[in-house]
Amino acid sequence: MSSSPSESPVEVLAPAECWKYLQSSYIGRLAVINGAVPEIFPVNFMVVDETVVFRTAPGTKLRSLLRGTAVAFEVDGLNPYGTEVWSVVVKGEPGPFEGDPASLQEGGPDREPWQSGLKEHLVQIRPADISGRRFAVSPRTRWWPPQDFSADWL
């Protein structure tokens, strides 16, 4: 990206603001290393005592998490008017959830996994680092080239 004077400044978020945004969300992306290959998975999550908690089933994601290597977790969103966006990244170590599983029921129905199936493994990410940023959105015409819906294109 260029750094022209007309671009909006990026605001670096304090950790407390990052946690506020994480608590307002329930879908994020988990990045793990599977062997030598990076993998990214969408997950439904909750924040519990400044840890990220989610359920998972056996498979690639769980095998990667059980290796104990550091992971990254990213959540982003926008304000109700679509004029400002934010992004938060948590980097840390995954492990079994150490809290009371019954306490997770208070999270509400939106915290249910999107994909059906038994997800009996509760995982938490203890953050080693949390960072975030927020900035105003440029008009859409600056994001993508104009769309051509002419008959020749179809």
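First, the ground rules. The model is predicted, so local features need pLDDT of at least 70 and side-chain atom pairs count only at pLDDT 80 or more, while totals for chains, interfaces and linings use all residues. Residues are numbered from 1 along each chain as its sequence is written, and side-chain values use heavy atoms, with hydrogens and water left out.

**The helix and its packing**

Let's start with helix α1, residues 15–23, where Cys 18, Trp 19, Tyr 21 and Leu 22 are buried. These four sit on the same side of α1, because they span an arc of only 160 degrees around the axis. That arc is taken from the directions that run from the helix axis to the C-beta atoms. As background, an α-helix has 3.6 residues a turn, so residues three or four places apart point the same way. "Buried" here means under 20% relative accessible area, "exposed" means over 50%, and "partly exposed" is in between (1.4 Å probe, protein chains only). Helices (H or I, at least four residues) and strands (E, at least two) are DSSP runs, numbered from the N terminus.

What does the buried side of α1 pack against? Its buried residues pack against β4 (46–48), β5 (51–56), β6 (71–78), β7 (84–96) and β8 (121–136). Contact means heavy atoms within 4.5 Å.

Strands β6 and β7 run antiparallel and are joined by eight bridges; two strands pair if DSSP finds at least two bridges between them. Leu 78 has Val 85 in β7 as its bridge partner. The hairpin of β6 and β7 has five residues between the strands, and Gly 82 takes a positive phi near 70 degrees there. On to the next pair: β7 and β8 also run antiparallel, with 13 bridges, and Glu 84 has Ala 136 in β8 as its bridge partner.

Phe 135 lies in β8 and is partly exposed, at a relative accessible area of 25%. Phe 135 and Trp 86 are 49 residues apart in sequence, yet their C-alpha atoms are 6.6 Å apart.

**Salt bridges**

How many salt bridges does a search of the whole structure find? It finds five, a salt bridge being a side-chain nitrogen of Lys or Arg within 4 Å of a carboxyl oxygen of Asp or Glu. Here are three of them.

| Pair | N to O distance |
|---|---|
| Arg 134 and Glu 11 | 2.7 Å |
| Arg 134 and Glu 17 | 3.0 Å |
| Glu 74 and Arg 29 | 2.5 Å |

Glu 11, Glu 17 and Arg 134 form a linked network of salt bridges. Arg 134 counts as buried at 9% relative accessibility, while Glu 11 is partly exposed at 37% and Glu 17 is partly exposed at 23%.

Glu 74 counts as buried at 17% relative accessibility, whereas Arg 29 is partly exposed at 30%. Glu 74 also has a polar contact of 3.0 Å with the side chain of Ser 87 (a pair of N or O atoms within 3.5 Å; within protein, one must be able to donate a hydrogen and the other to accept it, and residues adjacent in sequence count only if both atoms are side-chain atoms). Ser 87 lies in β7 and counts as buried at 18% relative accessibility. Beyond residues up to four places away in sequence, Ser 87 touches Leu 13, Glu 74, Val 75, Asp 76, Ser 131, Gly 132 and Arg 133.
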